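Subject: Structure handover

Hi,

Here is the structure for you to look over. My notes follow below it.

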Amino acid sequence: MTSTRATAVLVPVLSVLLSFLVGGVIVVISGHDPLAAYVALLQGAFGSVFNLANTLTVAVPLMLAGLGVAFTFRAGLFNIGAEGQYWLGSIAAAWVGYAVHGLPVWVHLPLALLAGTLAGALWAALIPGVLKAWTGAHEVITTMMMSYIAINLARYLIEGGPMMAPGYTPQSPAVLPTATLPALVPGTQLSWGLVLAVLAAVAVWFVLYRTTFGFEVRAAGLNGRAARYAGMNVARIIVLAMFVSGALAGLAGAVQTLGVNHRLFDAFNAGYGYTAIVVALLGKNNPWGVLAAAVLFGALNAGASAMQMQAGVPAHLVDVVQGMIIFFIAVDGIIRSVLRRTRKEAAQA
Amino acid sequence: MNGSEIFNAQLWMTALSSATPLALAALGGTFSERTGVVNIAMEGMMLTGAFVAVLASATLHSAFLGLAAAILSGMLMAVLFAWGTIRYKADQVVVGMAINVLAAGLTGYLLNAIYGFTGTPPDTPRLPDVTIPGLAQMPGIGAVLGRADLLVYVMLLLVPLSHYFLFRTPLGLRMRAVGEHPQAADTAGIDVNRLRFLGVLISGALSGMAGAYISIGVLNAFNVNMTNGRGYIALAAMIFGNWKPVGAFLAAALFGLANALAINLQGLEGWHVSKDFVLMIPYALTILALAGIVRRTTPPAADGIPYEPGH
């Protein structure tokens with residue numbers, strides 16, 4: 001059926017358009033020009049090489065963490081705590097990045113990335129994954145709680161804790177040049193993390209669709225009971241899926257720390273791990289869809305300040321649009337019923 | 001300040017004040033989840049309530065109208081949440097997230113659009129403190145419970161009332177039946193979705209009230225993302241309280257105490273436990289409770305599952 005396939009793409013696209021429409025109405029009500037706002041937003045996001053690099057810089061952690069969230073969705077799990085795994089990845093990467101001396105760049109950089117990846121993976125698998133597999137404790141709640149614990153841990157480490165740099169600013173020492181992800185576009189913050197993120201998407205696609213483990217993950221996600229009757233070890237699948245998901249979120253934190261922030265500091269408001277959930281949902285848990293959705297949200301966030309400065313529209317509009325997108329994606333019955341009605345009318349005409 | 005002085009009246013007052021919005025929202029959460037709707041949207045409903053409370057209180061020069069408006073705004077967000085989750089049977093966690101992001105965006109947008117960068121008006125009326133005659137004069141307990149914000153007492157009254165309503169009235173029984181076994185409830189002639197709508201609506205009202213406490217109870221101002229995750233801690237309190245009003249209140253009180261301790265510990269000499277570790281306690285306890293390690297928790301059997309007749 002081509003129509004179901006078309007619907008699969010149409011629903012996310014219409015959700016985004018409808019959300020911008022609702023955002024535009026809010027802009028009009030508050031006495032601004034929506035067209036000017038969106039033009040400024042677009043220019044701020046794509047108007048120059050520098051702006052485009054900014055958009056992609058924001059998109060990179062969203063791609064990686066979004067792939068992680070999508071992976072658990074495929075297994076029928078909901079890793080709402082990518083934020084915490086992201087911060088564990090940031091902590092571990094920062095620590096390896098500044099505390100380990102005397103290594104050549106081709107050892108130090110991969111080591112720091114690996115440390116972040118592993119820290120995120122263990123943060124997701126050891127407690128939420130294991131508890132879900134053996135006690136049934138709901139991963140939505142446990143990963144959410146683990147996120148808050150992670151943020152408090154990160155805060156402790158840089159506010160007088162063992163990772164605090166000398167001085168009074170709550171931040172870690174800067175990572176060494178040997179552990180820094182080099183810039184992809186010189187003069188911008190866009191690092192080689194973008195290449196890593198695209199490679200990660202290819203890897204996730206391969207694992208999901210070309211390996212036995214990926215088949216098991218998708219089978220468990222479609223029907224856990226049937227997978228169990230078919231002889232699959234569902235507990236093992238749950239723990240491994242959480243491990244992979246946390247690894248990707250941890251890598252997101254490591255890439256952000258080694259490529260953009262260059263140290264651990266209080267950037268807890270960014271919330272990449274939360275936005276990653278939206279990215280996974282909008283991308284329909286498909287690796288390529290996740291990449292596209294991450295660019296969209298990167299653009300929204302990178303263009304928001306330009307919109308505020310040039311059109312005088314508060315940057316929070318972007319959050320309103322983001323919230324509407326999640327709503328329409330989740331409640332896709334609204335859009336489906338509209339689609340059905342228009343198709344019927346088109347058929348009758 | 002030394003170790004023995006840490007449990008002073010100030011600590012208990014801070015604990016009660018921190019516990020109040022958590023308990024109000026957590027009580028609301030028991031109504032929603034007892035009818036079978038997982039409500040992580042409490043954060044957004046609370047944030048909306050906090051903003052609307054200031055907006056209405058400042059514009060209408062009445063803290064009580066501010067409170068009323070906050071409750072209504074929480075219910076409005078609840079209607080949106082219920083429309084998606086009950087009418088369209090969408091994923092409750094995802095719609096809850098949508099509400100939270102939307103509320104953060106809308107309140108931040110309106111704060112900036114209406115008040116610019118100067119913040120909410122400094123002459124916004126605050127909800128009044130209430131003095132309980134007799135109790136206020138008692139030594140020890142009087143300093144903590146004798147005089148407090150009106151909503152603190154409202155919360156304390158709502159705990160037994162909620163328990164009575166859910167466990168001793170026919171409507172409460174029906175609401176619980178809908179969350180445990182919707183098919184059986186439906187067969188018995190109960191309108192499953194209507195009672196779920198009611199549960200979500202009560203949750204919205206109480207979350208809105210909790211928001212009003214944060215913005216015009218403790219202070220008389222609103223700032224961006226003011227609730228700062230309290231809705232999620234309230235959710236944790238409801239779970240730790242085993243989906244029961246009294247349990248939710250006790251958990252909220254415990255979490256409030258952890259928060260107060262974290263504040264007090266900063267003034268303590270010769271004691272090097274970071275406040276950040278104390279702030280982790282509620283989250284760690286909730287995980288342990290869910291895993292059945294600290295205590296056994298049992299969610300309503302149909303919690304989180306949209307009702308499809310005939311399944």
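Which helices of chain A each supply at least two residues of the nonpolar patch? They are α5 and α10 (234-261). Helices here are DSSP runs (H or I, at least four residues), numbered from the N terminus.

First, the ground rules. This is a predicted model: local features need pLDDT of at least 70, side-chain atom pairs count only at pLDDT 80 or more, and totals for chains, interfaces and linings use all residues. Residues are numbered from 1 along each chain as its sequence is written, chains are lettered from A and ligands numbered from 1 in the order written, and side-chain values use heavy atoms, with hydrogens and water left out.

Back to the patch. α5(A) gives the largest share, six residues.

Now the interface. Contact (heavy atoms within 4.5 Å) takes 45 residues from chain A and 40 residues from chain B. The buried area is about 3500 Å², 83% of it from carbon and sulfur atoms. That is accessible area (1.4 Å probe) lost on putting the two parts together, summed over both.

There is one salt bridge across the interface (Lys or Arg side-chain nitrogen within 4 Å of an Asp or Glu carboxyl oxygen). B:Lys275 pairs with A:Glu159, closest N and O atoms 3.4 Å apart.

Best wishes
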